[in-house]
Amino acid sequence: MKRYSYERLEMADPSVRAEYEAAFFNAFVKVTSNRLIQNLWTWDYAANRLATRIPYEHQQIYGYRTESGKLETAMAFNVTLTGFQSEAFGFTPPTDRSGCFEVLTFFTVSDHSLGSKFAFWARCLDELKKVGLKTGFATTARRPLVVYLRAGWRRVDQNEIEGEQRFFLRYEL
(Lines give C-alpha, C1' and ligand atoms only; values in the text may rest on other atoms or scores of the structure.)
Protein backbone atom coordinates (compact mmCIF):
# COMPACT_ATOMS: atom_id res chain seq x y z
CA MET A 1 0.00 0.00 0.00
CA LYS A 2 1.24 3.49 -0.81
CA ARG A 3 2.23 5.82 2.02
CA TYR A 4 0.20 8.97 2.49
CA SER A 5 0.10 11.76 5.02
CA TYR A 6 -3.28 12.37 6.60
CA GLU A 7 -4.65 15.78 7.52
CA ARG A 8 -7.73 17.85 8.12
CA LEU A 9 -8.00 20.35 5.28
CA GLU A 10 -8.23 23.99 6.31
CA MET A 11 -10.84 25.26 3.89
CA ALA A 12 -10.47 28.87 5.04
CA ASP A 13 -7.13 28.89 3.20
CA PRO A 14 -7.89 29.85 -0.44
CA SER A 15 -5.02 27.73 -1.80
CA VAL A 16 -6.22 24.62 0.07
CA ARG A 17 -9.77 25.26 -1.12
CA ALA A 18 -8.64 25.64 -4.74
CA GLU A 19 -6.55 22.46 -4.56
CA TYR A 20 -9.40 20.49 -3.00
CA GLU A 21 -11.99 21.72 -5.52
CA ALA A 22 -9.66 20.91 -8.43
CA ALA A 23 -9.00 17.39 -7.10
CA PHE A 24 -12.74 16.91 -6.49
CA PHE A 25 -13.42 18.03 -10.08
CA ASN A 26 -10.76 15.71 -11.53
CA ALA A 27 -12.12 12.75 -9.59
CA PHE A 28 -15.67 13.18 -10.95
CA VAL A 29 -15.48 14.99 -14.29
CA LYS A 30 -15.24 11.75 -16.28
CA VAL A 31 -17.98 9.94 -14.35
CA THR A 32 -20.73 9.61 -16.92
CA SER A 33 -22.74 6.79 -15.34
CA ASN A 34 -23.86 9.04 -12.47
CA ARG A 35 -25.74 11.88 -14.19
CA LEU A 36 -27.45 13.13 -11.03
CA ILE A 37 -24.21 14.50 -9.57
CA GLN A 38 -24.33 17.15 -12.29
CA ASN A 39 -27.23 18.73 -10.37
CA LEU A 40 -26.19 17.78 -6.84
CA TRP A 41 -22.94 19.75 -6.70
CA THR A 42 -21.73 23.12 -7.99
CA TRP A 43 -19.65 22.57 -11.13
CA ASP A 44 -17.32 25.29 -12.43
CA TYR A 45 -16.15 23.92 -15.78
CA ALA A 46 -14.29 27.11 -16.71
CA ALA A 47 -12.07 26.84 -13.62
CA ASN A 48 -12.12 22.99 -13.42
CA ARG A 49 -13.45 23.13 -9.85
CA LEU A 50 -16.22 21.33 -8.02
CA ALA A 51 -17.88 22.00 -4.65
CA THR A 52 -20.80 20.68 -2.65
CA ARG A 53 -23.69 23.01 -1.90
CA ILE A 54 -23.15 22.70 1.86
CA PRO A 55 -21.04 25.69 3.04
CA TYR A 56 -17.49 24.86 4.12
CA GLU A 57 -18.06 26.22 7.61
CA HIS A 58 -20.48 23.31 8.17
CA GLN A 59 -17.99 20.70 6.97
CA GLN A 60 -14.97 18.79 8.17
CA ILE A 61 -12.82 17.63 5.29
CA TYR A 62 -9.94 15.18 5.59
CA GLY A 63 -7.36 14.29 3.01
CA TYR A 64 -4.49 12.01 2.12
CA ARG A 65 -1.47 13.60 0.45
CA THR A 66 1.15 11.82 -1.60
CA GLU A 67 4.82 12.00 -0.66
CA SER A 68 5.12 14.92 -3.11
CA GLY A 69 2.32 16.76 -1.25
CA LYS A 70 -0.42 16.32 -3.86
CA LEU A 71 -3.98 15.79 -2.57
CA GLU A 72 -4.87 12.20 -3.53
CA THR A 73 -7.96 11.35 -1.49
CA ALA A 74 -10.54 13.40 0.38
CA MET A 75 -13.73 12.92 2.30
CA ALA A 76 -16.08 15.74 3.23
CA PHE A 77 -18.51 15.49 6.13
CA ASN A 78 -21.49 17.70 6.86
CA VAL A 79 -21.18 17.94 10.64
CA THR A 80 -23.92 20.48 11.48
CA LEU A 81 -26.77 19.15 9.33
CA THR A 82 -28.20 22.67 9.08
CA GLY A 83 -28.51 21.74 5.41
CA PHE A 84 -28.84 18.14 4.23
CA GLN A 85 -27.40 17.19 0.84
CA SER A 86 -29.44 13.97 0.73
CA GLU A 87 -32.66 15.99 0.50
CA ALA A 88 -31.76 16.64 -3.15
CA PHE A 89 -32.55 12.95 -3.73
CA GLY A 90 -35.76 13.01 -1.69
CA PHE A 91 -34.35 11.69 1.59
CA THR A 92 -35.13 13.39 4.88
CA PRO A 93 -32.64 14.23 7.62
CA PRO A 94 -32.92 12.51 10.99
CA THR A 95 -35.33 14.13 13.44
CA ASP A 96 -32.68 14.12 16.17
CA ARG A 97 -29.52 15.42 14.52
CA SER A 98 -27.30 15.35 17.60
CA GLY A 99 -24.26 13.18 17.03
CA CYS A 100 -25.05 12.84 13.32
CA PHE A 101 -23.02 13.58 10.21
CA GLU A 102 -23.52 13.26 6.48
CA VAL A 103 -20.90 12.14 3.98
CA LEU A 104 -20.91 14.73 1.19
CA THR A 105 -18.21 13.22 -1.00
CA PHE A 106 -15.46 10.61 -0.90
CA PHE A 107 -13.02 10.59 -3.77
CA THR A 108 -9.61 9.47 -4.88
CA VAL A 109 -7.78 11.01 -7.79
CA SER A 110 -5.73 8.01 -8.91
CA ASP A 111 -5.25 5.38 -6.16
CA HIS A 112 -8.46 3.38 -6.38
CA SER A 113 -7.28 0.44 -4.25
CA LEU A 114 -9.78 -0.70 -1.64
CA GLY A 115 -7.01 -1.02 0.95
CA SER A 116 -6.18 2.67 0.73
CA LYS A 117 -9.86 3.65 0.78
CA PHE A 118 -10.64 1.54 3.85
CA ALA A 119 -7.53 2.80 5.69
CA PHE A 120 -8.54 6.39 4.96
CA TRP A 121 -12.15 5.71 6.02
CA ALA A 122 -10.92 4.26 9.35
CA ARG A 123 -8.81 7.37 10.01
CA CYS A 124 -11.78 9.63 9.28
CA LEU A 125 -14.03 7.62 11.60
CA ASP A 126 -11.52 8.04 14.41
CA GLU A 127 -11.63 11.82 13.92
CA LEU A 128 -15.43 11.87 13.89
CA LYS A 129 -15.60 9.83 17.10
CA LYS A 130 -13.23 12.28 18.81
CA VAL A 131 -15.72 15.11 18.27
CA GLY A 132 -18.70 13.06 19.48
CA LEU A 133 -20.25 12.05 16.17
CA LYS A 134 -21.77 8.59 16.08
CA THR A 135 -24.30 8.17 13.25
CA GLY A 136 -23.60 8.81 9.60
CA PHE A 137 -25.81 9.22 6.56
CA ALA A 138 -24.96 9.13 2.86
CA THR A 139 -26.42 8.52 -0.56
CA THR A 140 -24.97 6.41 -3.30
CA ALA A 141 -25.69 5.10 -6.76
CA ARG A 142 -26.18 1.38 -7.42
CA ARG A 143 -22.62 0.69 -8.58
CA PRO A 144 -20.75 1.52 -5.32
CA LEU A 145 -23.57 0.23 -3.06
CA VAL A 146 -21.93 -3.18 -2.47
CA VAL A 147 -18.73 -1.55 -1.19
CA TYR A 148 -20.70 0.59 1.27
CA LEU A 149 -22.64 -2.44 2.51
CA ARG A 150 -19.40 -4.41 3.00
CA ALA A 151 -18.02 -1.49 5.01
CA GLY A 152 -20.93 -1.72 7.44
CA TRP A 153 -23.42 0.77 6.04
CA ARG A 154 -27.11 -0.18 6.13
CA ARG A 155 -29.63 0.71 3.45
CA VAL A 156 -32.44 2.84 4.90
CA ASP A 157 -34.34 3.90 1.78
CA GLN A 158 -34.10 4.22 -1.97
CA ASN A 159 -35.55 6.45 -4.67
CA GLU A 160 -35.53 6.49 -8.44
CA ILE A 161 -34.81 9.90 -9.96
CA GLU A 162 -34.67 10.47 -13.72
CA GLY A 163 -34.21 6.74 -14.27
CA GLU A 164 -31.32 6.42 -11.78
CA GLN A 165 -31.54 4.67 -8.44
CA ARG A 166 -30.27 6.38 -5.30
CA PHE A 167 -29.79 4.62 -2.00
CA PHE A 168 -29.95 6.31 1.40
CA LEU A 169 -27.55 4.76 3.87
CA ARG A 170 -26.91 4.87 7.62
CA TYR A 171 -23.73 4.01 9.51
CA GLU A 172 -23.22 3.57 13.25
CA LEU A 173 -19.73 4.29 14.56
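**The sheet.** I looked up the strand order in this predicted model. Seven strands form an open, mixed sheet, ordered E1-E4-E5-E6-E7-E9-E8. Strands are DSSP runs of E with at least two residues, helices are runs of H or I with at least four, and both are numbered from the N terminus. Two strands count as paired if DSSP finds at least two bridges between them. From one strand to the next, the twist averages 20°.

**Ground rules.** I number residues from 1 along each chain as its sequence is written. Local features need pLDDT of at least 70, side-chain atom pairs count only at pLDDT 80 or more, totals for chains, interfaces and linings use all residues, and side-chain values use heavy atoms, with hydrogens and water left out.

**E4 and E5.** How do strand E4 and strand E5 run, and how many bridges join them? They run antiparallel, E4 over residues 59-65 and E5 over residues 71-78, with seven bridges. I picked out Arg65, whose bridge partner in E5 is Leu71.

**Helices on the sheet.** Helix H1 (residues 14-28) lies across E4, E5 and strand E6 (100-108). Its angle to E6 is about 70°. Helix H3 (residues 114-130) lies across E1, E4, E5, E6 and strand E9 (164-172), at about 140° to E4. For these angles, axes are lines fitted to C-alpha atoms, for helices over the stretch in contact, and values run from 0 to 180 degrees between N-to-C directions. Contact means heavy atoms within 4.5 Å.

**Two threonines.** I placed Thr66 in the loop between E4 and E5. Leaving out residues up to four places away in sequence, Thr66 touches Tyr4 and Glu72. The Thr66 side chain also makes a polar contact with the side chain of Ser68, at 2.9 Å. A polar contact is an N or O pair within 3.5 Å; within protein, one atom must be able to donate a hydrogen and the other to accept it, and residues adjacent in sequence count only if both atoms are side-chain atoms. Thr80 sits in the loop between E5 and E6. Thr80 is partly exposed because its relative accessibility is 34%, given that buried means under 20%, exposed over 50% and partly exposed in between (1.4 Å probe, protein chains only).

**Cysteines.** A disulfide needs two cysteine sulfur atoms within 2.5 Å, and I count zero disulfides. Cys100 is buried at 6%, and Cys124 is buried at 0%.
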